[in-house]
Amino acid sequence: MNTNDTIVLDGFCKIVNYLDGQCSITSQLDGNPFTVLKVKEFDYYVGAYEVTPSANIQTLSTADLMMQDNVTINPIPSNYGLITWNGSALTVS
């Protein structure tokens with residue numbers, strides 16, 4: 001087959017490619033449109049994967065990053081107390 005040969009596809013066609021690195025594909029297909037999945041390379045999250053609740057907001061900066069493990073949220077420590085005010089009395093629970 002020469003590089004100038006024409007290949008005619010009739011019927012259903014599915015192209016699956018697994019690519020690593022750079023590539024260039026030039027194709028002409030006549031028939032039904034198909035979906036192209038664009039794969040993006042992500043950086044990895046390198047922060048903590050374990051969080052203990054506190055009174056302050058805590059943010060794990062994971063936007064647009066791949067994570068290699070699950071995030072663990074620890075239980076509220078037994079020495080934490082909640083103080084509430086109902087207008088006339090303080091309650092510590």
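**The aromatic rings and their surroundings**

Mentor: Of the 93 residues in the protein chain, 3% are buried; a residue is called buried under 20% relative accessible area, exposed over 50%, and partly exposed in between (1.4 Å probe, protein chains only). Residues are numbered from 1 along each chain as its sequence is written, and the model is a predicted one, in which local features need pLDDT of at least 70 and side-chain atom pairs count only at pLDDT 80 or more, while totals for chains, interfaces and linings use all residues. Side-chain values use heavy atoms, with hydrogens and water left out.

The layout comes before the detail. The protein chain holds zero helices and six strands, and its pattern along the sequence reads β-β-β-β-β-β. Among the contacts with a separation of 6 or more, 15% join residues 24 or more positions apart; a contact means heavy atoms within 4.5 Å.

Now to the rings. A pair of aromatic rings is described by the distance of the centres and the angle of the planes. Rings of Phe, Tyr and Trp (its six-membered ring) pair if their centres lie within 6.5 Å, and the pair is stacked if the planes are under 30 degrees apart, edge-to-face if over 60 and tilted for the rest. The count by this rule is one aromatic pair. It is formed by Y45 and Y49, whose ring centres are 5.2 Å apart and whose planes stand at 70 degrees, so the pair is edge-to-face.

The two partners may be taken in turn. Y45 lies in the loop between β1 (43–44) and β2 (50–51). With a relative accessible area of 8%, Y45 is buried, whereas Y49 has 21% and is partly exposed. Neighbours within four places in sequence aside, Y45 is in contact with L60, S61, T62, L65, M66 and M67. Of these, T62 is 17 residues from Y45 in sequence, and the two C-alpha atoms are 6.1 Å apart. A polar atom of the Y45 side chain also lies 2.8 Å from the backbone oxygen of A48. Such a polar contact is a pair of N or O atoms within 3.5 Å; within protein, one must be able to donate a hydrogen and the other to accept it, and residues adjacent in sequence count only if both atoms are side-chain atoms.

V51 is buried at 15% relative accessible area. Residues up to four places away not counted, V51 touches Q58, L60, V71, T72, I73 and N74. V71 stands 20 residues from V51 in sequence, with 7.7 Å between their C-alpha atoms.

A55 is exposed, at 84% relative accessible area; Y80 is 25 residues from A55 in sequence and 9.8 Å away, C-alpha to C-alpha. D64 is exposed too, at 59%, and has a positive phi of about 60 degrees although it is not a glycine.

Finally, the surface. The protein chain exposes about 9600 Å², of which carbon and sulfur atoms supply 51%; these areas come from the Shrake-Rupley method with a 1.4 Å probe, and for residues only the protein chains shown count as cover. I83, W85, L90 and V92 make a nonpolar surface patch of about 510 Å². Patches are made of residues with over 30% relative accessible area and no salt bridge, like charges being joined within 9 Å and nonpolar side chains (Val, Leu, Ile, Met, Phe, Trp, Tyr) within 5 Å; a salt bridge is a side-chain nitrogen of Lys or Arg within 4 Å of a carboxyl oxygen of Asp or Glu. At least two residues of the nonpolar patch come from each of β5 and β6 (90–92). V92 is in strand β6, and at 65% relative accessibility V92 is exposed.

Conventions. Helices (H or I, at least four residues) and strands (E, at least two) are DSSP runs, numbered from the N terminus.
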